Amino acid sequence: MSPELSSKPSKLSVIGAGAVGSSLAYAALTRGSAREIALYDINEAKVNAEVADLQHGTQFTPTNAMMGGADISVVKNSSVVIITAGAAQKPGQTRLELAATNVKILSSLMPQLLEQAPDAIYVLVTNPCDVLTVVAQKISGLPAGRCFSTGTMLDTSRLRWGIARTCGIHQSNVHANILGEHGDSEFPVWSTARIGQIPIREWTDDHGNQVFNDALLDELADEAMHAAYKVIEGKGATNYAIGLTGARLTEALHSPTRRLLPVSSVLNDYKGVSDVALSVTSIVSNKGVERVLDVPMTDGELERFRHSATTLRASLKELGF
């Protein structure tokens, strides 16, 4: 069982038994992210098979209460609900192009989930997650702190992996975030990026040579920001890394310990931005998103943040939100 899990009853429900949902359920099961895990999908044969496969391995996992099916009641009394259901992203397709189809799915699904789990914290993984976060929050009427998305948690992990690989330092000592849209207008905040306590541009190799020049930083950012497209082209979906991301977030949402994570919630006059969901470093706990932090940004970074907001606002307007 995850060492962070509080003593309170905890139930994670994963909505959607596709590649992402099944991987998320598997990651949460093996990590012990909740005391109960449920997997729901309208495809009865698919979800029953996935649940059975997961149940058969529970002798070897911290959590052994694994359930699921095609009846929405399996979600009842959840403490955390993670929504992965929706149309899959196709090779070459942007996240925002998925919007219209997945908005329709979410509009039908959200009221049913709220009926079963009115007190849950709701997390969107389905893309475009920033757009769908705004839609889900408006449909549900939940406060922004209880209805948000994984945002750029995975993008940030990809960036930190690239930095760690380059300098040969463990990822836990790399402090760098990607903020804004989980999509093509996201950006790394290099101005506050650190390796340990050292600003990233001041990091040197064993011979005293600067490692991270602007060209390399641009390359690392591009690699992290477009990694999903390469993975989708090669295997059809990104699932393992986002599964681990969702499991880790679930643990934070079941713990009183306050964590700093770059999740996407609906903003209210954040650096002049309101009524769109963008990823900002946020305090996350078993209360949900407690607060978004006023992250220092250069003028250039602030311009990119506001560009993300403009991009998403246009998409929401086109969708009638």
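Predicted model: local features only at pLDDT ≥ 70, side-chain atom pairs only at ≥ 80, totals over all residues.

Biologist: How many cavities of 30 Å³ or more does a search of the whole structure find?

Modeller: Rolling a probe the size of a water molecule over the atoms shows where empty space is left. In this structure, the search finds one cavity of 30 Å³ or more, and the space in the largest cavity comes to about 30 Å³.

Biologist: Which residues line the largest cavity, and how do they divide into nonpolar, polar and charged?

Modeller: The lining is made by Ile 83, Ala 85, Asn 102, Ile 105, Leu 106, Leu 109, Leu 124, Thr 126 and Leu 132. Of these lining residues, seven are nonpolar, two are polar and none is charged. Helix α3, which covers residues 99–116, gives the most to this lining, with four residues.

Biologist: Now to the charged contacts: how many salt bridges does the count come to?

Modeller: A salt bridge is counted when a side-chain nitrogen of Lys or Arg lies within 4 Å of a carboxyl oxygen of Asp or Glu, and by this rule there are eight salt bridges here. One of them joins the side chains of Glu 50 and Lys 46, with 2.6 Å from N to O. Both residues belong to helix α2 (residues 44–55), where they are four residues apart, about one turn of the helix.

Biologist: Which salt bridge links distant parts of the chain?

Modeller: Arg 165 forms a salt bridge with Glu 223, and their closest N and O atoms are 2.9 Å apart. This pair links distant parts of the chain, since Arg 165 sits in helix α5 (residues 153–167) and Glu 223 in helix α6 (residues 214–225), 58 residues apart.

Biologist: Why does Arg 165 count as partly exposed?

Modeller: Partly exposed is the class between buried, under 20% relative accessible area, and exposed, over 50%. Arg 165 has a relative accessible area of 43%, so Arg 165 is partly exposed, and Glu 223, at 27%, counts as partly exposed too.

Biologist: Is Glu 251 buried or partly exposed?

Modeller: Glu 251 counts as buried, because its relative accessibility is 4%. Its side chain meets that of Arg 248 in a salt bridge of 3.9 Å, N to O, and Arg 248 is partly exposed at 23%. Through salt bridges that share partners, Arg 31, Arg 248 and Glu 251 are joined into one network.

Technical notes
Residues numbered from 1 in each chain as written. Heavy atoms only, no water. 1 Å grid on protein atoms, 1.4 Å probe; cavity = no way out; pocket = protein on both sides within 12 Å on 5 of 7 lines; lining within 4 Å. Points joined across faces, edges and corners; volume = space filled by probe spheres on them. Helix = DSSP H or I, 4+ residues; strand = E, 2+ residues; numbered from the N terminus. Nonpolar A, V, L, I, M, F, W, Y, C, P; charged D, E, K, R; others polar. Buried < 20%, exposed > 50% of the residue type's maximum accessible area, 1.4 Å probe, protein only.
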